[in-house]
Each structure stands twice: as structure tokens, then as C-alpha cells.
Amino acid sequence: MKISSKLWVLAAWLMMALSVHAQVAGEKDDEQEKADSIVSVNQSISQDSNFVGFNTHAIKMMARSYGDSIALRWGVDDYSTWRQLNYYGYNVFRLHMQGTKLKIDTLALALKPLTLDQMRLKYPESDTLAYMGMQLMYGRGRLTLDQTLSAPGTVGSLVEVHDEQQSIVGYAMLLAEWRRDLARDMALGLLDRNVTPGTVYQYVVQPSHIDSFNIIQPGFLDAVLNEKYTPEAFDVEVTGQPTSDIQLNLEWPATKYSSFIIERRKDKETNWKRVNEKPFVPFTSQNLPDDAPIQFADYPGRPGIYHYRVSAYDAFGELTAPSSVLTVDFGDRVPPTAPVLRRIFIHRTDTTGIVRQATLYFTKDTMENDFIGYIPFYYNERIAEGKWVPLTSELISPRDTVVTVNVTGLETGMICIAAYDTLYNVNYSLPQTIRIDDRVAPKAPTNLRAHTAPDGTVVVVWTPSGDEDISYYDVAYANDPTHEFSIKQNVYNDSIFIDSLTQEVNQRYIYYKVRATDYSNNVGEFSEVLRVLRPHYIPPMPCRLLSNDVNDDRIHMEWVASNEADLHFHRLYRKLEGEQYWTLLAQFDADSVTAADDKILFDDMPNKVRNKSYLYAMETYNLSGCSSGLSKLYTFDFQGSLIADVPITLMATHNAKNRETKLAWELKGKPDNEDYYYCIYRKGAEDNDFKFLLSAPKDDLSFSDFLLKPGEKAEYYVLIHYNDGRDSTRSNIVSVTASK
């Protein structure tokens, strides 16, 4: 009898059926009653169209038989489903045919993980994998929607929480693969010992509670034959590439397995030793393809022949059979002891003075059995692109302690002696300088220029001297071109120098110059001196008022400036009390002020508003454009002159017909205040002096007088009267005689 393909639906209701039968008073159902109940439930479900295409989660199952037992493993791939099943538990049933009847055995009802206290009591603190399982099931600190990097409630926030939850359930399934005891205690596995060899079994794992909001499909295994287990083969080829520092990079193809044990043994040894005590889980990355090979690095530590093999953990926490064996010969990686270069003798045999040969004297205290000889090497960073080059084409005999080499065309540089063994492991003597004469000093660098930054950084660059054998450049500096320069730094292989200047130095400039030195230690001439303005971004000190004098005509001020070296100019501002904006009165060059003993003299004649207070302030700028801000404000009450000098020209005519004396005037300047009006004065024949006649608005420049009688004479003049109490100078006096 074969179980129906709809057994997952049947199993979902199996607990309900068994629960109903368990209510029969004091009696346990026999197997036939259970089977009849299951068939009845199955028929009812088959007729219910509501289950067609139902969206559910599923329990995934697998089993392994050993003959005397069958190990079950199950799991889910969804965090919320895993948490729900941990809360309600699992029901586990075994089905098999007994004769012609279907026999159903209950292996577990509401199987749940051990509690946290039970886990702690069972496992020691040194069992890191067990405590990892406790953290996954009961740990605090889960990411919540208000703790994500993305804004709470957004899709990004939901994705972050989902990814963490899926990682948690993934690690839980991985732990259950590594350890069968953890699989049992995390309710992700069970060992069925009450089985008969050669019998075929079916297993069902279902939720112990049916949740209408999260339907979980039960897990089902059909036709599990109970027979002795043969470990799986791990049929992969392990390869490896040894490196010079006795490191081996193992590699094997990607497989269905997720964790591995790597074993190693030395040649002629019988026992294998684990390289990794805990399962090795390969690093995964979204940037790597799914079929990327698995890699592992091992450090045997000593030369020799080693054998390697790899086994994989399967889903039941058991190791597969080992892979094929990889044999690696690291060989001898120990170099010979280093020789000592004792002396260098330079030959000057011809009349030209050109060096063509050098004799090297060296020793080696320890002579290893595999030591085969020496090679001298020469180094000059300009020659051979900065590489060490051999001075002989063949090995020098281990018995020799002196060698003469050809150095024609070479310059002053470094020499060392290399010692080799049969596997060409090499060790070197300490390098020494070989001085090959060059008595021509390099030319001076040119085109010095500099760039400054607000933080005090100065970048000095120059055009190289043009000589090919420049070893380095000396950069010298001083705070005054007449002072002695100091070497700031040696610059190698470059024509740029970066200096860092403090902004608190009371110096306006810093001066640089550069010279070149070649590999023969010939020192060239310095370049021209470069003057660089020091960046000063600390605000300068503001000016202060030393003395003042106020009279009717002017306000005299004497200001004192600071003696800082980097000052550029000073600005004097004025505003009337109550006004919002300042008026710039004058600007003073800082160098001129310094020449005048740091004093600024200024006379102001406001002539603007009398009987008002004037405010004055100074602002100082340095050469870097940094401002001191306004100085302390100084207030002066200014009376000013009562007479304003505004020239007025008055003209007059008389019209006898209508007896009109017509006055008109014009200004030769502009009044310094808009608050004014005109006053007309008149002196008649019977008047001893001029009398005020009337006033005219500032927009009127004429007036008509109808007071003159025929033959009568009168004199007139006009002046401006300001609302602040001042008067302008009088206009000219005009005389008018009316016609008879």
C-alpha cells in the first residue's frame, strides 16, 4: 500500500484527528481506528476546493537510516515560521505497513526546543556552538524597525530587519547540520531507535497548532528503507599552490556542502591531524559567482612533504568520506647564513681617472652543506630602474673570499654580497657604499614657486637641475633673506616639498632656496631665494583710540595700530547714532602706518547733523585677508559750525503793470542736509534794518512781493535755514524801486 500524494494535507489534520479520538473515555485508539480516521479526514480534505493553490510555508525533511536507527532532520527557510514552530512545537509520526494494515506511531507531540535554563545546564560555557544556538533562539538585541539605518517604515527598513531575521534562521539550520545533539535540542531533529532493519517507513512532521494566518505545510518522507549507512563520498579534486613563506593555498570546487574539515599529515606519518578544530565555513560574497571555488590557507611552519585531504559536514552533522589526497613538497626554505662584506677597494689604474674595477673582500663564518656560492650585487636608484643588478654572471666559489668586478660606467651606489644554497634560497650581507668618483656638482634648481593653504601648508615646487645623477635636494629656509638659512629637509626622488607653518609667528614672509646633491655627494649651488607670504588666518589685533579733540569745526582722532608684521590696511568707519549702516571714511596702508610709529591721525568734519552723536570704529586686515572685526566703538557729541557755506545768487525785477516785485535765486552748491527751507528778508524805506518777510519751501526758488508802492524802494536777501538750527551764508543784497 502506497501513501497518497496528498499526505501533506492529511498530515496537517492528523493531530486534529488524533486529538478527537483521544477524547474517548479512558481508552487508547487501536491502529485500525487511527487509519480509518485519517482516511476519513483525507476524503473530506480531497472534496474541499478551498485547499487548492493555498499559499503556505513548508517544513522540509530528510532522513538517514543506520539499520538500528533512523535519524530525522527538518527545517524551514522562513524566520517567522521557525519562531512559530518553536513556540507551538512539532508533532512527529511514523507510518508503515504491518501486514495489510497501516500502522501509525506517535514519536513526539508538541516537540519544542530546550529552554534557555535547560540549555545552560546541559552545555558548558566552553561549548561555543551550543551558546551560539542559545543566542539564536533566545538572544536579545534583535534589530527593530526603529533601529535600522533606513528611515523607519520604509522599504529599506523592512529589508534590513528581514535580512537579519533570515540570517538568524540560516545560522540555526547550519548549527543543526554540524551537531546532531544541537539539532535534537533545538527541535530540528530526532533519532528514531524503535525501528526494524529492512523495513520501509514514512515520516510526517507537522505543526502542533494550526494557525489560520500562517498555514505551514507538514514535512513528509516516503519510502525510507532502514539499512546500514555508508558515508557519502566527497568526490572533489583538491589542489594547492605552495608559496615561499611555507604557506599553502588549498582550493576545491563548490559543492552542496556548507562546512568542511581540512586534515594534514607529514610524509611517513600515519595519523591525520585536523587543521581546523571547528567547521570551516567559506567566505561568501555577492561579488563572487555561485560556482566560485572554495579556498583555504594553511601554514605548516616547517619545510617538508605534506599530505592534505578534505571532508564535508552533511546535513546530519556527519563527515563525508575524505577527498582525494593532495601531496605538497615545500622543500628547503631556509637560506644560508649571510656573508659579511669587509672592504671595497677602488682601482684607479689609467690616466683618465675613470674607475673601471673594484675589488670586494668578504667572509662567511658558517658553511652549510648545501651552500654553493656568492654573487655580488650593485644598486643605484637611477640605474636599472632602481633594481639590484648582479656584477658577475656566474656564482663565485664558496671557497673564495675576494672578487674583482667591472664597474665601468657605474656611479656611486651600494654593494652587497648574496649567498645561495642548492635550492637557491638566498641571504644578503649588509650593503655598503661604493664611491665611484664624480667631481662635477649638479646645477642649481630653477623656477621656484609656492602655493599656500589656509591651514599653514606651503607647497614648494621647482624645476630639477637637469643632472641625471641627483641623489636628493636640500631645502633651506629663513625668516629674513639676510639671516643664515637652515636646512629644512632632504627631498629624495622628487621636486616638491611640503612645509607646515605655524600661524602664530609674527613674520610676514618665509624664504626658501633649494640645492641638489648627486650620488657622489657633490653639492650644487643654491637656487634663487623664493619669498613666500606666510598664511595668517588668526585675526589681527584691532586699532585703539589713543586721543581725540572735538571743537566746532572738526573731530580730531589719533589711533594706534598693532605692530604685527603681516598687516595690510586699516579702515575707518563712521555712522550717526541710531543709523544701521557704517560709512567708510578712509583707508590707511599698514606699511605707511608703521612708518609713522604705528599711529593714524585723522580729522573729521561731519557737517551733517548738528547736536547729534557720531560713532567711529576701525577695522584691520592682514595680508591673508583676515579681518580683526570692528574695534571698540567711540562716540563723540559734535556741535559743528552754525553757518553753512552755501553760495546763493539773488536776482530781482519789478513789473509796474501789476505792481509785482519778482525775486529769484540759484545755488552754486548743494546743501549738506535735506532738512531745510529758504528765508526771505526785506528792508523797506522806513526800516532801519532787514526784517524777516516769510519762508519758502526748499523746492521753491522764487518769490513775488506786492508791498512796494509807486516810487518806493526796498532791499532783499535770501538764506537757507536748516532744521538743526544752522543758517547758510546770506545771498547778495538786491535793491528794487517801484515805477511811478
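The questions below go label by label.

Guide: This is a predicted model, where local features need pLDDT of at least 70, side-chain atom pairs count only at pLDDT 80 or more, and totals for chains, interfaces and linings use all residues. Residues are numbered from 1 along each chain as its sequence is written, and side-chain values use heavy atoms, with hydrogens and water left out.

Visitor: How many helices and strands does the protein chain have?

Guide: The protein chain has nine helices and 48 strands. Both are DSSP runs numbered from the N terminus: helices are H or I, at least four residues, and strands are E, at least two.

Visitor: What makes Asn622 buried?

Guide: Its relative accessibility is 1%. Buried means under 20% relative accessible area, exposed over 50%, and partly exposed in between (1.4 Å probe, protein chains only). So Asn622 counts as buried. In the protein chain, buried residues make up 42% of the 740 residues.

Visitor: Where is Asn622, and what does Asn622 touch?

Guide: Asn622 is in strand E37, residues 612–622. Leaving out residues up to four places away in sequence, Asn622 touches His536, Ile538, Pro540, Asp566, Leu567 and His568. Contact here means heavy atoms within 4.5 Å. A polar atom of the Asn622 side chain also lies 2.9 Å from the backbone nitrogen of Cys626.

Visitor: Why is Asn479 called partly exposed?

Guide: Because its relative accessibility is 29%, Asn479 counts as partly exposed. Asn479 sits in the loop between strand E27 (470–478) and strand E28 (486–492).

Visitor: What makes the pairing of Asn479 with Arg534 a polar contact?

Guide: The two side chains come to 2.6 Å. A polar contact is a pair of N or O atoms within 3.5 Å; within protein, one must be able to donate a hydrogen and the other to accept it, and residues adjacent in sequence count only if both atoms are side-chain atoms. The Asn479–Arg534 pair is a polar contact, side chain to side chain. Beyond four places in sequence, Asn479 also touches Gln507, Tyr509, Ile510 and Tyr511. Asn479 and Arg508 are 29 residues apart in sequence, yet 8.5 Å apart in space, C-alpha to C-alpha.

Visitor: How many disulfides does the model have?

Guide: The count is zero. A disulfide is a pair of cysteine sulfur atoms within 2.5 Å. Cys416 is buried, at 4% relative accessibility. Cys543 is buried too, at 3%.

Visitor: What makes a group of residues a nonpolar core?

Guide: A nonpolar core is a set of buried Ala, Val, Leu, Ile, Met, Phe, Trp, Tyr and Cys residues joined through side-chain atoms within 4.5 Å. The largest has 42 residues. Ile59, Leu72, Trp74, Trp82, Tyr90 and Tyr203 have the most contacts inside this core. Elements that each supply at least two residues include strand E3 (70–75), helix H4 (79–88) and helix H7 (155–178). H7 gives the most, with eight residues. Another core lies apart from this one, with 21 residues, among them Tyr378, Val403, Ile417 and Ala419.

Visitor: Why is the pair of Trp252 and Phe260 called edge-to-face?

Guide: The centres lie 5.4 Å apart, with 70° between the planes. Rings of Phe, Tyr and Trp (its six-membered ring) pair if their centres lie within 6.5 Å; planes under 30 degrees apart count as stacked, over 60 as edge-to-face and the rest as tilted. The Trp252–Phe260 pair is therefore edge-to-face. Trp252 is buried at 1%, and Phe260 at 0%.

Visitor: What makes the pair of Tyr201 and Tyr203 tilted?

Guide: The planes make 35°, at 6.3 Å centre to centre. That angle falls between the two cut-offs, so the pair is tilted. Tyr201 and Tyr203 are both buried. The structure holds 29 aromatic pairs.

Visitor: How do you know that Lys364 lies over the face of Phe371?

Guide: Lys364 is 4.6 Å from the ring centre. A charge sits over a ring if NZ of Lys or CZ of Arg is within 6 Å of the ring centre and within 35 degrees of the ring normal. Arg726 lies over the face of Tyr722 as well, at 4.4 Å.
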